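Subject: Structure handover

Hello,

Here is the structure I said I would pass on.

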Amino acid sequence: MLNQGLAIMRREVFYLCRDRGLRHILLCGSLIGLLLFYAIYSAQVLKDIPAAIVDLDNSSASRELAEKISKAEYLKLVASLESYDDLQELIKQGRVIVGIVIPENFARDVALGRQARVLAVIDGSNMIYATNASAAVLTVTRTISAQAGVSALVARGVQLKQAQEAYQAIDFSEEPWFNPALNYAYFLVLALALNIWQQCCTLAACLNVIGERGMKSWLQIKASGISKFKFFTSKSLAQILIFMAIVLPLYILAFGVFKLPLNCSLPAFLLFTLAFAIAIHSIGTLASSFARNAVDAARFGMIIALPSFVLSGYTWPLEAMPAYLQKAARILPQTWFFQGINYFAFKDAGWNLMSHFILAMLAITAVCYGAAAILIARD
Amino acid sequence: MRQILDIAHYEMLSIFKEKILFLMVFLVPLGYAALFGATYVTAILGNVPVAIVDLDDSRLSREIAAAFANSPHFKVVDDIRTYRELEEGMKNGRLRAGVVIPENFEQEMARHTLTRVLAIYDGSNLIWGYNTRKYIREVFNDFSASNTASYLAGLGYTKNEIRSIMDTVSLNTEVWYNPTFSYANFLFLGLVMMILHQIGLLSVSLTITREKERKTWLQFLSAPVPAWKIFAGKSLPYFVANFFNYALLLWFAARFIHVKLSGSLPLILLLGFLYDLVITGAGFFISTHAPNSLQVTRYVMLLSVPFFMISGYTWPATHIPAFINYLARLLPSTWMALGFRQVTLKELDISYILPHIRALGLMAVLAVLLAVNFTKRLKPRPESGTEINGGASYPVRWK
Amino acid sequence: MDTIVAVKDLTQKIGKKTVLDGLVLEVGTGECLGIFGMKGSGKTALLHILAGIDRFTSGKVLVAGLDIRRTEGFKKYIGLVTQERSLFQDLSVAENLDFIAVLKNAGRDNIGPLIRRLELGEVLNQPAGTLEAGLYQRLALACALLNSPRLLLADELIGAIDLESRRIILRELKSFLAGGGTCVWAFSNAEFLPHVDRVGWLEKGKISFYQPAGALARWSGLIQSLAGQGGDSDA
């Protein structure tokens, strides 16, 4: 009995290996993905946002201000410009993201206690730049206006101590948890590679049923009298084992070599991954059991697998999506899996939550396998 | 010309006859756009759930709490009172930010002892992380300003005097192009370009593999019809459909997702035309070389994520290693996505996107040249041996 | 008699197997040459080379005086009936005729007469994929003749099909030859040997030529020798 199952599993491995396209995809797809994404985000932290200063005053006060701004966290002064038009030009070309314009007569206005308006321009077309740049500018804003305000008060005859008290800001320290350096590579690399992995696995799983029934050898299997349940169970087992086998080197590389964060235990994370591997396998199996041919099966599977990362809320958060979409997204195992990466790899949110996530994925799995079984039996 | 149109006519027929292909060409792009559109329709990340752990419970600490409660960016979660609960909430996702006001905060402020409010935010998802950091700083800046203003009022200054003192040096920030920090403005059209890329490429790249699988390719090969006419006729319907989808998706984006779509219309049309041409040419080229539809479908489907990430559309190219950037420049999607943003979001004129037009134009010429120069002779293959799905067939359910 | 097909030292290797091994072959205008051989003897390989579908390893092939490696121009002179079903399965009979006429840039004048002669009038709206074997072969022949070819390349033109269709196809073939056409007809059924002018017997990549009677005699000899060995021949 067991031998029969093992023989089917072995043949399944041969089948996957002899399909050249699938072999390449399974073996290389997710690894290439991981390496590529790691390379893309190798800068890791968005420092050195290109900034330019237009100093129309060119006084010691304005230079001091420029100096202060150029030292702001995350900003990197790449140009000192003569005119506002030059700045505009550089921003249009995308070579500068932040521009600071210090007006003419800045020093004189400050000295006379008149208002001086410094302008900060931020290119908002790329949000990743824009949010970081504006956070940097916000800090600069605070210190500059406080210093200027204190001197203004002193100029009006207020005692220095009292003036400082007026500007005694609420001091606050920021602590970004779970990813203290706001490392973009930590945020995206593993998740994107796993996204490729799940797409590759879906493609393989989409061949599960149609790959047998669409071949003439199906007659042999039917004639042999082996139960369909046993046959497809053995096949599926082999496929799921392969899915796990290809995710292992991914994890070794990601956690061992690239030192991406894994705050829960590795066995727990592997268990979580296994539940997901079974879940995507069940979706592929379902697609392959009602498709007329292998291409359609691949399309059905991928129609779910492709947008699932965006829908999963791993990047743009679920909470910000319309309520109906949040509900719909929870039907997909990918949503649970990618949310899970956030909750377990980063936050170590505990076994209670993980078991909840695993149960959700298994429930989806049960529905898909059940539907597939009905479709297979009916034929 | 007549011959080309006739070939195109029969290609249309086969698109209409194959239901799934028909859906793919005419419905899936809009479907995906609608799905992603719904995802980003909120556009601005608001209501960040924040907990205020007030260990001081003084006037000042309550004012800080009020500042967060009054901010449009935050939503205070009321039932979290302790640091432990805060930790728990951050882990299980109920909270994305927290503010901890230490004991005796007001007193120590008054005594000028070093004391600090702790602002915590979730860095594991950097869309939350970046935005929340910015929001927190905004709240504290505003709060400090109002604090100063009330202090000065206490010294007996008038409103005008206070304003002139506080605005001695004011740093006004202008955010250009996307002042509301709308995520939809930022990302959605890039995704639309990827949808068009993927579906366009996939549907064209099946046009010859389909003939190969059905053996009808022999009819094309044995007929005295030149290769370029086969290309022109067979890809014309896809070219038109892709362009129609381009227009449809842009209209959809502007009308329903309220994405900013300004800039010069002729430029938008030109970019779309070139992009479409590259995709159609490249898809046809792939199709003439691929063994069967299954392999094409598999490979093409996997392209979308890497192509988008590599383009520098999100994580900026300035922070991507040079060799990756060179790689990205070989892809039409990179030029299209970035060029399109220059036109529609930054509203730049043609002089700024000449490089993009040049690159896309060059790629279009190259793709079409490759596509029309396929050889009309096959290299006969041996029986496939033990290989699976490598020849001109794939599993099809048979009766 | 003019030569319409001239093949010199034609070798075709597919993978490791030599399918055609230094073939020399000439076909005169107006001739009907039968290519006879068993499955896998290289008949289809030869016809696909002559039709300009497959590349070949070495040798020289002239069709209508044109080197087929250099030009596509000879394709307007040929018509091809393939062994595999290569018509458009999901198009109707009429659409197939129309579309293939488009591909051949042949004009639509021939469609009507061909429908009449091959008696396809009643199935014009049926999809080609659902046609019975006999009707399908009639349609395939009609499509091949749309451009009034000078050379008809027919691969298993008549398989195991109904007798009525067989009669119609043979009648059409005769009238094609009578009109000055040339035909290279590949088959594996010895029954058709008497219908051709000359037989090229393909075996192990080599071709040897016979008169139909000679070929038939050799075939009968082979069958008898098998029977003599006590093998159970039922050919």
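The notes below cover the chains, their interfaces and the cavities.

The model is predicted.

Chains and domains

Chain A is split into domain 1 (2-42 + 183-378) and domain 2 (49-166). The C-alpha centres of these two domains of chain A are 51 Å apart. Chain B is likewise assigned a domain 1, covering 2-41 + 188-372, and a domain 2, covering 48-166. For chain B, the distance between the C-alpha centres of domain 1 and domain 2 is 49 Å.

Interfaces

Two pairs of chains are in contact, and chains A and B share the most contacts. Chain A and chain C do not touch, with 16 Å between their nearest C-alpha atoms.

Between chains A and B, 137 residues of chain A are in contact with 119 residues of chain B. The buried area for chain B and chain A is about 12,000 Å², with 64% of it on carbon and sulfur atoms. On the chain B side, the residues that lose the most area to chain A are B:Leu171, B:Trp315 and B:Arg397, which together make up 7% of what that side buries. Six salt bridges are found across the interface of chain B and chain A. One of the salt bridges links A:Glu319 to B:Arg96, and the closest N and O atoms of that pair are 2.9 Å apart.

The interface of chain B and chain C involves 27 residues of chain B and 35 residues of chain C. Chain B and chain C bury about 2,900 Å² between them, and 59% of that area is on carbon and sulfur atoms. In chain B, the residues losing the most area to chain C are B:Tyr10, B:Gln219 and B:Arg377; together they account for 27% of what that side buries. The count of salt bridges between chain B and chain C is six. In one salt bridge, the side chains of B:Lys215 and C:Glu84 meet at 3.6 Å, N to O.

Cavities

Rolling a probe the size of a water molecule over the atoms shows where empty space is left. Over the whole structure, the search finds eight cavities of 30 Å³ or more.

The largest cavity holds about 150 Å³ of space. Its lining has 15 residues, and those nearest the centre are B:Tyr10, B:Ser14, B:Glu211, C:Phe88 and C:Phe99. Helix H1 (2-17) and helix H10 (207-213) of chain B are the elements that give two or more residues to the lining of the largest cavity. H1(B) supplies the largest share of that lining, four residues. By class, the lining of the largest cavity has six charged, six nonpolar and three polar residues.

Of the 14 residues lining the second largest cavity, A:Glu12, A:Tyr15, A:Leu207, A:Gly211 and A:Lys235 are the closest to its centre. The elements giving two or more residues to the lining of the second largest cavity are helix H1 (2-18), helix H9 (210-213) and helix H11 (228-257) of chain A. H1(A) gives the largest share of the lining of the second largest cavity, three residues. Sorted by class, the lining of the second largest cavity has six nonpolar, four polar and four charged residues.

Regards

How values were computed: Residues numbered from 1 in each chain as written. Chains lettered and ligands numbered in written order. Predicted model: local features only at pLDDT ≥ 70, side-chain atom pairs only at ≥ 80, totals over all residues. Heavy atoms only, no water. 1 Å grid on protein atoms, 1.4 Å probe; cavity = no way out; pocket = protein on both sides within 12 Å on 5 of 7 lines; lining within 4 Å. Points joined across faces, edges and corners; volume = space filled by probe spheres on them. Nonpolar A, V, L, I, M, F, W, Y, C, P; charged D, E, K, R; others polar. Domains from an automatic or database assignment. Contact = heavy atoms within 4.5 Å. Buried area = accessible area lost by both parts, 1.4 Å probe. Salt bridge = Lys/Arg side-chain N within 4 Å of Asp/Glu carboxyl O.
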